[in-house]
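Student: I would like to work through this model residue by residue, taking accessibility and side-chain pairing together. Could you guide me through it?

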Amino acid sequence: MSCPAWWDQTITLYHRVADGGAVSWRRTVLDHCFWKETSAQSQKDLAAYQERSVTVRIPWREIPVSVGDILVLGAVDDEIDEYTSGERSTDLLAKYQGRAAKIQTVALNRQTGVGCPHIRIGGI
């Protein structure tokens with residue numbers, strides 16, 4: 001079953017791989033995805049905050065994706081190297097602020113009944 005026509009975004013997924021004590025990141029560019037940003041205002045004590053969240057849907061495929069991974073809206077070719085200043089994951093998130101999200105939830109919706117099978121991701 002094909003996914004809706006409005007799933008027309010390209011995203012870049014950075015998957016974090018920990019091998020012993022070393023950390024590396026694998027980059028994958030994905031087409032025909034859904035990306036939606038929302039924001040809500042919250043208040044703590046006397047300060048008001050604007051909280052941004054992202055919902056992403058990737059048509060079903062066998063790819064590694066986990067909480068803590070990073071998504072960037074669009075195809076980008078940056079590499080992440082946690083051991084080099086200016087190339088860390090925090091640097092990537094800062095560079096693409098407003099177009100990037102750190103993954104907080106992952107749901108594998110393979111048998112959706114009426115919709116297309118997909119991976120649903122929530123991030124901030």
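Student: Is Arg 26 buried or exposed?
Tutor: Keep in mind that this is a predicted model, and begin with the setting, where Arg 26 lies in strand E2, which spans residues 22–44. The relative accessible area of Arg 26 is 51%, and since the term applies over 50%, the residue counts as exposed.

Student: Which residues does Arg 26 touch, not counting residues up to four places away in sequence?
Tutor: Contact here means heavy atoms within 4.5 Å. With residues up to four places away in sequence left out, the partners of Arg 26 are Leu 13, Tyr 14, His 15 and Val 17.

Student: His 15 lies in strand E1; is His 15 buried or exposed?
Tutor: Strand E1 covers residues 9–19, and His 15 lies in it. The relative accessibility of His 15 is 11%, and because the limit is under 20%, His 15 counts as buried.

Student: With which side chain does the side chain of His 15 make a polar contact?
Tutor: Not counting residues up to four places away in sequence, His 15 touches several residues, including Trp 25, Arg 26, Pro 64 and Asp 69. A polar contact, at 2.7 Å, joins the side chain of His 15 to the side chain of Asp 69.

Student: What is the N to O distance in the salt bridge of Arg 52 and Glu 37?
Tutor: Arg 52 is partly exposed at 27% relative accessibility, and Glu 37 is likewise partly exposed, at 36%. Their side chains meet in a salt bridge whose N to O distance is 3.0 Å.

Student: Lys 95 forms a salt bridge with Asp 78; is Asp 78 buried or exposed?
Tutor: The closest N and O atoms of Lys 95 and Asp 78 are 2.7 Å apart, and the pair links helix H1, which holds Lys 95, to the loop between E4 and H1, which holds Asp 78. Lys 95 counts as exposed, at 55% relative accessibility. Asp 78 has a relative accessibility of 15%, and so it counts as buried.

Notes: Residues numbered from 1 in each chain as written. Predicted model: local features only at pLDDT ≥ 70, side-chain atom pairs only at ≥ 80, totals over all residues. Heavy atoms only, no water. Helix = DSSP H or I, 4+ residues; strand = E, 2+ residues; numbered from the N terminus. Buried < 20%, exposed > 50% of the residue type's maximum accessible area, 1.4 Å probe, protein only. Polar contact = N/O pair within 3.5 Å; in protein donor to acceptor, adjacent residues only side chain to side chain. Salt bridge = Lys/Arg side-chain N within 4 Å of Asp/Glu carboxyl O.
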